[in-house]
Amino acid sequence: MADIYSLKVKIDLSGIKTIYWPIVLLMMARYFGLSEKIIFFIVVAAIIYIMGISKKIVIPNVNGLWFYSIMIIFSGCLGFILNGTRNLARDIYYVLPTIAFIILGYYLEKFNDKHAYSMINTMIVYGGLISFMSFLKALSSVEALTGFDAMRSCFGKNNIYEVCVVFAVFFYKKFIIREVCVSKWLDRVLGFFMSIQITLCLGRMAIIQTGVSIIMLFVFTVIKGIQPKENLKKFATSVLVVCIGVFILSRVMPQSTWNQLIDKFNSSAEEINSSQKFDSTEDAMENWRGYEIEQAKTQWKNNNVLFEIIGEGLGKGVKITYVPYTWANVVVSDEIPLLHNGYYTLLPKAGIIGVCALIWLFLSNILLIVKNDKKNIDILIILAAITVGVMINTYVVRGPISQIPPISWALLIGTINYNIRRTE
């Protein structure tokens, strides 16, 4: 009789052994406020250490990386001559960390000969932990779910774009190809918290980036002929679930919060429209993204042909005519170093060549999916889909040209590129 009422629960946690825990700890330290500069120095030190124990320098073979890196080096040298060391040092922390994390991911996978560790599993654990911390933050505040700004503060400010990248990877592994990542039950818990954070962050770009990445996952599986009928059914099911979720959310969310979210989506196209005329600070503040783009384009067009091509070097900012009142002590010489757009941020610094190098870094990794390689098809689909998402993110948020670079994407770029080379 005792056996009838006994309950046996078997939880397999073997996937925990595949986690790069130092990477998780480093990225979580960033979540808790560790300086980006310190993280950059730690990553550089780790790369040097790995080179030291390998007793040779291996040049990472990552699609698009070296064209992009050479462009950054050239722009850095030009910036040293034209813009001074202070502004140059500032811009270094906006462009080099992404490159460093790509290289680190490549080297870590190079020494992962026995496949003892998984960067994908590592990123899923990291993304889940970030979302779990956001959930705890919301529970600790009674007002967290009562207003638009309060919800964004809890769910939208905590490395949300990292979670967007990771959730797309998780979605492919768990729902499209039905693989266990860390463990069956832990996967469900981590996926639950990530989906909650992305839903409640009330960020247009976070929702769009995640949605586009997931759509591209399905598109690439169909293009590559991976169970097209079954995956089309999964796609239809996913759309239905999202529609039901949106309907439920619109009913349970405070109406004022819901209206603000809808208004922000409705104004998205207008916010990146730089064709309107800006005649005052008030006009600029009403469409700040559009104003930034307009100023960057004007500055670039007014340069001589040489600077249009190669830019004016790292350290060069975008001049703005109308300075927000609250920025009076922040804007130096009427220039801002970063825009809400990675491409236009890079335009005055590195010219059209720099923008092309950044676009090629994206496209060269997306186009890998064209190669019919059954050994690597799953990771190629993941690589292409998350890169499409980051490419879109770069136009609205900055992407790799940022003081908070997309570390999860960079590590996966490096890891997956080495995996591809290893099996060629």
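Tyr117 is partly exposed in this predicted model, with a relative accessible area of 39%.

**The Tyr20–Tyr117 pair**

- The ring centres of Tyr20 and Tyr117 are 5.1 Å apart and the planes sit at 25°, so this pair is stacked; the cut-off for stacking is planes under 30 degrees apart.
- Tyr20 is found in the loop between helix H1 (2–5) and helix H2 (21–31), while Tyr117 is in the loop between helix H5 (85–110) and helix H6 (119–139).
- Because of those two locations, the pair ties together parts that are 97 residues apart in sequence.

- Phe218 and Phe235 make an edge-to-face pair, because their ring centres are 5.3 Å apart and their planes are at 65°, and planes over 60 degrees apart count as edge-to-face.
- Phe218 belongs to helix H10 (residues 204–223) and Phe235 to helix H11 (residues 228–252), so here the pair ties together parts that are 17 residues apart in sequence.
- Phe218 is buried, at a relative accessible area of 5%, whereas Phe235 is partly exposed at 29%.
- Both rings belong to one aromatic cluster, which is made up of Phe167, Phe170, Phe171, Phe175, Phe218 and Phe235.

**H8 against H9**

- Helix H8 (residues 160–176) and helix H9 (residues 184–200) have axes that come within 10 Å and cross at roughly 135°.
- That angle makes H8 and H9 oblique to each other, and H8 passes H9 in a left-handed crossing.
- On the H8 side, the contact residues are Ile160, Val163, Cys164, Val166, Phe167, Phe170 and Lys174. Two of these names, Phe167 and Phe170, also turn up in the aromatic cluster.
- Facing them from H9 are Lys184, Asp187, Gly191, Met194, Ser195, Gln197 and Ile198.
- There's a charge-on-ring arrangement to look at too: the charged end of Arg188 sits over the ring of Trp185, 4.6 Å from the ring centre.

**H4 against H17**

- Helix H4 (residues 65–82) packs with helix H17 (residues 342–366) at an angle of about 170°, and the axes are 8 Å apart.
- H4 and H17 are therefore roughly antiparallel to each other, since angles over 145 degrees count that way.
- H4 brings Leu65, Phe67, Tyr68, Met71 and Ser75 to this contact.
- From H17, the contact residues are Leu346, Lys349, Ala350, Ile353, Gly354, Cys356, Ala357, Leu358, Trp360 and Leu361.

**Two arginines with positive phi**

- Arg178 isn't a glycine, yet its phi is positive, at about 60°.
- You'll find Arg178 in the loop between H8 and H9, where Arg178 is exposed with a relative accessible area of 58%.
- Arg398 is another residue other than glycine with a positive phi, in this case near 125°.
- Arg398 is located in the loop between helix H18 (377–396) and helix H19 (407–423).
- Buried or exposed, then, for Arg398? Arg398 is buried, with a relative accessible area of 16%.

Key: Residues numbered from 1 in each chain as written. Predicted model: local features only at pLDDT ≥ 70, side-chain atom pairs only at ≥ 80, totals over all residues. Heavy atoms only, no water. Phe/Tyr/Trp six-rings, centres within 6.5 Å; stacked < 30°, edge-to-face > 60°. Helix = DSSP H or I, 4+ residues; strand = E, 2+ residues; numbered from the N terminus. Buried < 20%, exposed > 50% of the residue type's maximum accessible area, 1.4 Å probe, protein only. Lys NZ or Arg CZ within 6 Å of the ring centre and 35° of its normal. Axes fitted to C-alpha atoms, helices over the stretch in contact; angles between N-to-C directions. Parallel < 35°, antiparallel > 145°, perpendicular 65-115°, else oblique. Left-handed = near helix turned anticlockwise from the far one by under 90°. Contact = heavy atoms within 4.5 Å.
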